[in-house]
Amino acid sequence: MPRKVTGAYNACMRAISQLADNEPFPPTGEALDYPNGLLAVGGDLSPMRLLEAYRHGIFPWYEEPQPVLWWTPDPRSVLLPGQLHISRSLRKTLRRNRFRLSVDLHFESVMRHCAQLRGDGLGTWIGDNMLAAYSDLHHIGHAHSVEVYNPAGELVGGLYGIAIGRAYFGESMFSLEADASKVALVGLVNILTRGGFELIDCQVESEHLNSLGAFNMPRLDFEQRLRDTIDVAHDPEIWRLPATCGELL
């Protein structure tokens with residue numbers, strides 16, 4: 001079993017599991033209530049470790065040079081592909097057909113855009129180690145990106161995440177022009193619907209995601225959905241999109 005260490009995480013003083021590189025994750029029921037979902041610290045970001053984490057609804061979220069922090073929030077924000085809400089204004093953007101699309105063409109560039117400093121100057125959790133780790137997952141076919149370009153051919157939006165079985169675990173998105181990240185999400189849902197995916201993990205609730213159809217699901221229900229979908233293979237040929245966003249309607 002993982003060793004136990006006691007320390008503070010922000011204002012929290014509780015025992016959490018300390019992982020060595022080859023130690024398994026503790027049961028998700030041991031995750032802290034505050035901060036919500038903090039389960040373990042340590043371990044590595046190898047492809048095997050990351051895939052095992054996602055299969056159990058666990059994901060890394062930390063800022064270098066901290067050790068890796070592993071999370072499984074309760075409740076979990078999820079989006080069912082068939083329940084994506086396309087607003088009137090977003091539908092208008094799609095009909096204008098000004099954005100061009102691609103899949104897995106510029107995965108690392110999407111990650112680097114997502115890693116740019118936020119407006120508050122506090123930075124993000126996507127450091128060099130995370131970039132390298134998810135690039136490795138991309139190279140072995142588990143991490144996928146959707147890219148959005150303006151008429152000048154500039155990359156102005158996109159998203160990336162992990163696909164295992166028929167579950168997709170969204171990691172981050174970015175937008176440099178209005179609606180660009182939303183167009184990327186519509187593209188992703190087009191792919192996942194064709195592939196018979198049943199679940200998009202959005203991790204943590206936000207107003208933005210809720211406006212697109214995401215909702216909170218209790219952790220136990222989320223984990224059951226994963227067990228039902230994670231070992232059901234999908235066709236690897238689904239990872240393609242029409243050239244322009246108007247064709248998504």
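1. Some ground rules come with the prediction: local features need pLDDT of at least 70, side-chain atom pairs count only at pLDDT 80 or more, and totals for chains, interfaces and linings use all residues. Residues are numbered from 1 along each chain as its sequence is written, and side-chain values use heavy atoms, with hydrogens and water left out.

2. The average pLDDT (the predictor's confidence in each residue, from 0 to 100) is 91 for the protein, and 91% of the residues score at least 70. Please read residues 1-14 with care: pLDDT is below 50 there, and the stretch has 32 contacts beyond near neighbours in sequence (contact means heavy atoms within 4.5 Å). Residues 119-123 also stay under 50, with 4 contacts beyond four places in sequence.

3. In E3, 5 of 5 residues are buried (under 20% relative accessible area, 1.4 Å probe, protein chains only). E3 pairs with strand E5, residues 69-71, in the antiparallel sense over 3 bridges (pairing takes at least two DSSP bridges). Ala40 sits opposite Trp70 of E5.

4. Finally, helices H2 (residues 88-96) and H5 (residues 180-194) pack at about 80°, axes 11 Å apart (helices are DSSP runs of H or I, at least four residues; axes are lines fitted to C-alpha atoms over the stretch in contact, and angles run from 0 to 180 degrees between N-to-C directions). H2 and H5 are therefore roughly perpendicular (65 to 115 degrees). Leu90, Thr93 and Leu94 of H2 meet Lys182, Val183 and Val186 of H5.

Note on methods
Helices (H or I, at least four residues) and strands (E, at least two) are DSSP runs, numbered from the N terminus. Angles under 35 degrees count as roughly parallel, over 145 as roughly antiparallel, 65 to 115 as roughly perpendicular and the rest as oblique. Buried means under 20% relative accessible area, exposed over 50%, partly exposed in between (1.4 Å probe, protein chains only).
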